[in-house]
Amino acid sequence: MQVLTGVLNGNLTVISLDRISFGYDGRATLEGVEVTIPAGSFHFLTGPSGAGKTTLLKLIHLEHRPHKGSIALFGENIAPSDAAQRTRLRRRIGVVFQDFRLIDHMSVADNIALPLRLQGKPMATHREDVTELVEWVGLTERADALPRTLSAGEKQRAAIARAVITSPELIIADEPTGNIDAEMGMRILRLLVELNRLGKTVLVATHDLGLIRAAKSLVQARTLRLSERRLLLAASEL
Amino acid sequence: MAALRSIAARIGLLPDDEGGPPIVPPSGWSAWLTTLTAGAMAFLALLTIAAGLAAGGLAEDWRADLAEAATLRLPAGTDAATVAQVVDLLRATPGIASSRPLDAAEQAALLEPWLGRGAALDDLPLPVMIDLRVLGTGPDVAALEANLGLTAPGAVYDDHAGVRAPLGRAAEEVRRLALAGTLLVIVAAASMVALAARASLAANSELVRIIRLIGGEDAFITRAFVGRVVRRTALGALAGAALGAAALAALPAGGAAAALAPVLLPGAEGLAALAAAVALGLVAVGWAAARITLRVTLREME
């Protein structure tokens, strides 16, 4: 089944999955998944635990290679063995990992600034951007702290800041409210909505239906449901 | 200066501290083993090269000395008048710079290692030895011996070729041994750095994974890890080479070291230059070994 989620911001497609299949240890997790996500849209990806939400995000972020089918990002077909292409496209994606993946020996501010370093942008000219972003995610007081001293919510916000520091076109977040209380979850949701209003395409994997309902009161969001290894456009009851 | 600093940072010799803290996290005391091993390698390399240069050079000097010397041996019992005639003949021979008959004391000194001090040489039929200094390739031996045949039958001209050839071979062998020793040190240093780089990457595999996922290139990762390993190697190599140079400079002035001194210690500047060359060489070897290892390992981690 193909899921077409509409056209926003002209007709640019940010993510296009064509009959993707993937599995672990011979067991299929996804089969024949097709989806097209346009630029500037806000999507939730939902489904029961183990349905393959994280797997699908990893495929989109080029962390996994599909066993069958093809992926195109920003209109560019992915060549499996092209490491340079993979790096180039990843720089257009900001990713918030489920387990944050902050670098332990770097402070919050240095973690947030890391993508700038990786792209060869001198810190001297971006120091203000980092400071502003740290403030935007409410971590000014914790800017010099190491990740191990942060709460789950603080780590989540640091991970979001790192994901957006380079102003990527696509933001992928995997269970961004999974480890935090409802109030912090709403703060993070508002951050993501604000980014979407700035023109970023947002894709959030979550099993938190409350978060999805809350988002729909703030932004025009659509929901993709993974079920039985297939991807469906969820009904509007959410 | 800024350009040099930028190049040094790019190849990993200086930390890339403009962009924030080091990418590779601080490691424990075991990391200092790299520095220690590099120091030992530099020390050994310096001693091996210096010993090779010294021994080879000394053999060359002996060979050169012998090439300028020859001996004319007259049969035992040759009288003084004949010896004087022979010396006159030698003075007139092209290719001979000087000639001088050895006196009894000099002959006794030559024989002392075999016969012992105070041996009764008067009872022995010793030949008369004439020490010659030759010019260039020396005299025409056939013509000289023909001339001597009339004046002093039984005279033998000895150009020491039998001694010079083994010395030449010895010099070559010592050089080859020194080269082999130096190559072994280079291979050992490269292996040590490769192992350290690989271990460092393995210990930080999650860091590598994160950097790749947020848009880092393998070239960036390579630079960060090369820098860490090369700086440790450089520190060890400089310390080891400096210690080696100090050890050579501290050789006692007398004894066997005195014979080696002219070649082994070509002045403080020469020694410093040799130590610097050894340290730089090891750093270059370490840099290349680390870079190749990291690139290969990162490809394996794909």
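**Before you start**

The model is predicted: local features need pLDDT of at least 70, side-chain atom pairs count only at pLDDT 80 or more, and totals for chains, interfaces and linings use all residues. Residues are numbered from 1 along each chain as its sequence is written, while chains are lettered from A and ligands numbered from 1 in the order in which they are written.

Helices (H or I, at least four residues) and strands (E, at least two) are DSSP runs, numbered from the N terminus.

**Stop 1: two helices of chain A**

Select helix H3 (108-118) of chain A. By definition, a crossing is right-handed if the near helix is turned clockwise from the far one by less than a right angle, and left-handed if anticlockwise.

Two packed helices are described by the angle between their axes and the distance between the axes. Axes are lines fitted to C-alpha atoms, for helices over the stretch in contact, and angles run from 0 to 180 degrees between N-to-C directions. The cut-offs are under 35 degrees for roughly parallel, over 145 for roughly antiparallel, 65 to 115 for roughly perpendicular, and oblique for the rest.

Now show the contact residues. H3(A) supplies Val108(A), Asn111(A), Ile112(A), Leu114(A) and Pro115(A). H5(A) supplies Ala158(A), Ala161(A) and Arg162(A). Here, two residues are in contact if their C-beta atoms, placed from the backbone, lie within 7 Å. By class, this contact has six nonpolar, one polar and one charged residues. Ala, Val, Leu, Ile, Met, Phe, Trp, Tyr, Cys and Pro count as nonpolar, Asp, Glu, Lys and Arg as charged, and the others, Gly among them, as polar.

**Stop 2: H1(A) and what follows**

Select helix H1 (53-60) of chain A. Six of its eight residues are buried, so H1(A) is largely enclosed by the rest of the structure. A residue is buried if 20 or more other C-beta atoms lie within 10 Å of its own, exposed if 12 or fewer, and partly exposed in between, with C-beta atoms placed from the backbone. The buried residues of H1(A) are Lys53(A), Thr55(A), Leu56(A), Leu57(A), Leu59(A) and Ile60(A).

Step on to Leu62(A), in the loop between H1 and strand E5 (68-73) of chain A. Most residues other than glycine have a negative phi. Leu62(A) has a positive phi of about 65°. Leu62(A) counts as buried because it has 20 C-beta neighbours inside 10 Å.

Next, pick Phe74(A), in the loop between E5 and strand E6 (76-77) of chain A. Its phi is positive too, about 55°. Is Phe74(A) buried or partly exposed? It has 17 C-beta neighbours inside 10 Å, so Phe74(A) counts as partly exposed.

**Stop 3: where the chains meet**

Show both chains. On chain A, 21 residues are in contact with 16 residues of chain B. Helices H2 (83-90) and H3 (108-118) of chain A each give two or more residues to this side. H3(A) gives the largest share, six residues. By class, the chain A side has 10 nonpolar, four polar and seven charged residues.

**Stop 4: chain B**

Buried residues make up 30% of its 302 residues.

Select the open sheet, with strand order E2-E3-E1-E4 and antiparallel pairing. Strands pair if DSSP finds at least two bridges between them. The edges are E2 (96-101) and E4 (156-158) of chain B, each pairing on one side only. The twist averages 20° from one strand to the next.

Zoom in on E1 (residues 69-74) of chain B, joined to E4(B) by three bridges. Thr71(B) has Asp158(B) as its bridge partner in E4(B).

**Stop 5: two helices of chain B**

Finish with helices H3 (residues 80-91) and H5 (residues 141-151) of chain B, which pack at about 155° with axes 10 Å apart. They are therefore roughly antiparallel. Their crossing is right-handed. Show Thr82(B), Gln85(B), Val86(B) and Leu89(B) of H3(B), then Asn147(B), Leu148(B) and Thr151(B) of H5(B): these make the contact. By class, it has three nonpolar, four polar and no charged residues.
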